[in-house]
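User: Hi! I'm new to this one, could you walk me through it?
Analyst: Happy to, let's bring it up.

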Amino acid sequence: MTNTDKSGHLWLDELSTIEAAEAARQGKVVIFPIGSVEEHGEHLPLCTDSVQPEYVALEVARKTGCLVAPPFRYGIVNAGRNFSGSLTIQFNTLFNLAKDILSELSRNGFNRIIVLSGHAGSSHMVALRLAAQEVVQQNGEKNGKQYTRIMVLSDYDFADELTEEMADPRDGHAGTIETARVMAIRPDLIKSKGIPSHYEMPRFEVVLHPEQYFPSGVHGDPTVATAEKGQKINNYVIEQIVKLVQELES
């Protein structure tokens with residue numbers, strides 16, 4: 001472990017109030033992991049979008065000494081909402097929660113923040129970006145410089161860069177890459193080999209039952225996923241986010 005925090009803790013809420021004040025004074029970067037409760041085929045758990053960013057955030061913290069805020073495991077689930085077990089929240093709920101947490105981190109002196117989402121739905125990501133934008137605008141500038149810096153991204157912004165090497169170009173939800181990543185992180189949560197499937201959604205139409213276009217809940221081939229592939233992908237994602245932490249620190 002290379003965490004430089006004197007307490008040896010990676011989670012922000014495991015610090016004492018004195019340690020938190022010192023971490024803020026030192027300019028520690030904070031990663032806020034966000035996931036979802038969403039179907040991922042018959043072979044992956046509902047928490048798939050949560051275990052990935054939480055694992056990545058902790059590994060980045062071990063390498064850089066940054067802190068990880070308590071995660072939030074709910075998100076906006078649209079395409080998969082009609083599958084059993086999927087739980088979605090409203091746009092304004094996610095927006096307001098993210099805004100409140102980011103505002104409170106900033107109020108406590110943590111002004112270098114990465115919002116890391118394991119769920120990459122378009123409306124979900126828009127809610128997070130709008131919340132970050134509002135917090136940045138409210139904090140304004142200090143001494144002619146931007147006081148609060150917030151990055152908002154999904155770990156799949158980086159994982160997808162390895163699609164050509166690791167999977168079919170059409171790979172997506174609960175496919176090769178996502179299955180492989182979970183196999184490397186939590187092999188105990190893998191339920192089966194899964195069912196290969198590819199689908200096409202209507203290009204422009206907003207449909208009432210999107211699950212009719214992908215009844216298996218899978219877009220890709222989970223059967224060719226391996227833990228070795230997953231660890232390589234996870235390591236790549238971790239390396240890229242370490243660079244983001246270093247960018248914020250500088």
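User: How far apart are the mean positions of the positive and negative charges of the chain?
Analyst: They lie 6 Å apart, for 23 positive and 33 negative charges. Lys and Arg count as positive, Asp and Glu as negative, with His and the chain ends not counted; each charge is placed at NZ of Lys, CZ of Arg, CG of Asp or CD of Glu. This is a predicted model, where local features need pLDDT of at least 70 and side-chain atom pairs pLDDT 80 or more, while totals for chains, interfaces and linings use all residues. Residues are numbered from 1 along each chain as its sequence is written, and side-chain values use heavy atoms, without hydrogens and water.

User: Ok, new topic: how many helices and strands are there?
Analyst: The chain has 8 helices and 6 strands, taken as DSSP runs numbered from the N terminus (helices H or I, at least four residues; strands E, at least two).

User: What order do the strands of the open sheet have?
Analyst: Its 4 strands are ordered E2-E1-E3-E6, with parallel pairing; strands pair if DSSP finds at least two bridges between them. At the edges, pairing on one side only, are E2 (67-68) and E6 (149-154).

User: And how many bridges join E1 to E2?
Analyst: 2 bridges connect E1 (residues 30-34) with E2. Ile31 sits opposite Val68 in E2.

User: Last one: what share of the residues is buried?
Analyst: Of 250 residues, 50% are buried, meaning under 20% relative accessible area with a 1.4 Å probe, protein chains only.
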